[in-house]
Amino acid sequence: MLVILANNRPRRSNVAAARRLCVRLMHPKSPGAWRMTDTLTRERRSWNMSRIRSSNTKPALLVRSTLHGLGYRFRLHARKLPGRPDILLPKYRAAIFVNGCFWHRHTGCRQAYTPKSRTEFWNGKFRENVARDRRNLKELDTLGWRTLTVWECETRDIAALVGRLKAFFQDAERSGREKKKVQEIEECEA
Ligand SMILES: [Zn+2]
């Protein structure tokens, strides 16, 4: 009901939202879940959040709409591949990660700061993240996937992002053509 009072103008959508909220709060199965959330420390909660890799973050959506605008068609939610890439382009055998600068430690980026308290805890977690990312890229490479990491801060400059994406696919096309040529030569010589 807070929603309605704050706006001072009860709209049908606000009423529905408030009703949904009340239902959630009063649901007999929910109190335990709410209490559990409250007992988590803020640090722990944000750490848990970081482990939930979402493909629908704002930077990921920006990369997707940019790719779409450039005419590339792609797939999402590559659950079975190492690191679960955010975007897959099977035609190019390409996988794109859209990484948050803080959690994935974008080198030299302002957003990749280290919190002042419990520095050791954070540094340990960051090391794990970086090592995991590196391992995933290596595994994808072994499986024959070409990878591109787009950093969150890079999605603020769409023109530069377009340039990076184009260069990545030009490269993919060139090496695809070269591979095909080598195959053709090998077939001729065989
Ligand atoms: Zn960055």
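A: Start with the whole chain. This is a predicted model. Of its 190 residues, 12% count as buried. The chain holds eight helices and four strands. Read from the N terminus, the order of elements is α-α-α-α-α-β-β-β-α-α-β-α. Take the contacts between residues at least 6 apart in sequence: 55% of them join residues at least 24 apart.

Now the close look. The part to pick is strand S3, residues 94–99. This strand is mostly covered, with six of its six residues buried. Its side chains go two ways. Ala94, Ile96 and Val98 point one way from S3. Ala95, Phe97 and Asn99 point the other way. Both sets are buried.

Next, look at what S3 pairs with. One partner is strand S2, residues 87–89. S2 and S3 run antiparallel and are joined by three bridges. Within this pairing, Ile87 has Ile96 of S3 as its bridge partner. The two strands form a hairpin, with four residues between them. In that hairpin, Arg93 takes a positive phi near 45°.

Another partner of S3 is S4. Here the pairing is parallel, and it spans six bridges.

Is Val150 buried or exposed? Count the C-beta atoms around it. Val150 has 22 C-beta neighbours inside 10 Å, and the cut-off for buried is 20 or more, so Val150 counts as buried.

Which residues does Val150 touch, leaving aside its neighbours within four places in sequence? Its contacts are Val63, Ile96, Val98 and Thr155. Gly100 and Val150 are 50 residues apart along the chain, yet their C-alpha atoms are separated by 8.9 Å.

For contrast, turn to helix H8, residues 158–189. H8 has 32 residues. From first C-alpha to last, H8 reaches 46 Å, close to the 46 Å expected at 1.5 Å a residue. This helix is hardly covered: one of its 32 residues is buried. In S3, by comparison, six of six residues are buried.

Definitions and conventions: Residues are numbered from 1 along each chain as its sequence is written. This is a predicted model: local features need pLDDT of at least 70, side-chain atom pairs count only at pLDDT 80 or more; totals for chains, interfaces and linings use all residues. Two residues are in contact if their C-beta atoms, placed from the backbone, lie within 7 Å. Two strands pair if DSSP finds at least two bridges between them. The expected span of a helix is 1.5 Å times one less than its number of residues.
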